[in-house]
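Please keep the sequence and the structure in view while reading.

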Amino acid sequence: MAKKSLIQREKKREKLVSRYMERRQFLLLELKKTTNFVQQMKINRKIQKLPRNSSKIRLRNRCWRTGRTRGVYRDFGLCRHMIREMALNCILPGVKKASW
């Protein structure tokens with residue numbers, strides 16, 4: 001189980017990303033459109049003034065059950081430990097342990 005403070009920090013980042021998403025998208029689109037170097041530098045400064053945690057790249061995939069960050073499968077939103085445990089208990093439909 002992950003520390004509750006880390007999980008709360010991640011939730012805070014998700015809120016910041018959703019709050020600043022439109023503004024960041026608009027500025028990045030403007031940055032791509034402009035060819036003037038001085039104008040690009042002004043737009044880049046505006047992007048840098050936004051909070052760091054409002055960037056989508058700073059989000060981390062977490063297991064919804066344990067909060068673990070590593071070995072998370074996107075299809076289930078679970079870490080590998082929970083997938084194995086739930087598959088062996090027949091909780092995940094269509095998943096079975098391989099044997100050959």
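The model is predicted, and local features need pLDDT of at least 70, while side-chain atom pairs count only at pLDDT 80 or more and totals for chains, interfaces and linings use all residues. Residues are numbered from 1 along each chain as its sequence is written, and side-chain values use heavy atoms, with hydrogens and water left out.

Domain 1 covers residues 1-60 and domain 2 covers residues 63-94, with bounds that come from an automatic or database domain assignment. Their centres, taken over C-alpha atoms, are separated by 30 Å, and four residues of domain 1 are in contact with six residues of domain 2, contact meaning heavy atoms within 4.5 Å. Between them the domains bury about 310 Å², 54% of it on carbon and sulfur atoms, where buried area is the accessible area (1.4 Å probe) that two parts lose on being put together, summed over both. On the side of domain 1, M1, A2 and R60 lose the most area to domain 2, together 89% of what that side buries.

Zero salt bridges are found by the rule across the interface of domain 1 and domain 2, whereas a search of the whole structure finds two; the rule asks for a side-chain nitrogen of Lys or Arg within 4 Å of a carboxyl oxygen of Asp or Glu. E10 lies in helix 1 (residues 4-33), helices being DSSP runs of H or I with at least four residues and strands runs of E with at least two, numbered from the N terminus. R13 forms a salt bridge with E10, with the closest N and O atoms 3.6 Å apart, and these residues are three apart in helix 1, so they are separated by about one helical turn.

R62 also forms a salt bridge with E10, here with the closest N and O atoms 4.0 Å apart. This pair links distant parts of the chain, 52 residues apart, since R62 is in the loop between helix 2 and strand 1 (72-73) and E10 is in helix 1. E10, at a relative accessible area of 4%, is buried, and R62, at 22%, counts as partly exposed; buried means under 20% relative accessible area, exposed over 50%, and partly exposed in between (1.4 Å probe, protein chains only).

## Nonpolar cores

The largest nonpolar core has seven residues, namely C63, L78, C79, M82, I83, M86 and L92, a core being a set of buried Ala, Val, Leu, Ile, Met, Phe, Trp, Tyr and Cys residues joined through side-chain atoms within 4.5 Å. Strand 2 (78-79) and helix 3 are the elements that give two or more residues to this core, and the largest share, three residues, comes from helix 3. Apart from this core lies another, of six residues, among them L16, Y20, L27 and L50.

I47 has its place in helix 2 (residues 37-49) and is buried, with a relative accessible area of 11%. Leaving aside neighbours within four places in sequence, I47 is in contact with R24, L27, L28 and L31.

C90 is found in the segment after helix 3 (80-88) and counts as exposed at 67% relative accessibility. Most residues other than glycine have a negative phi, but C90 has a positive phi of about 60 degrees although it is not a glycine.
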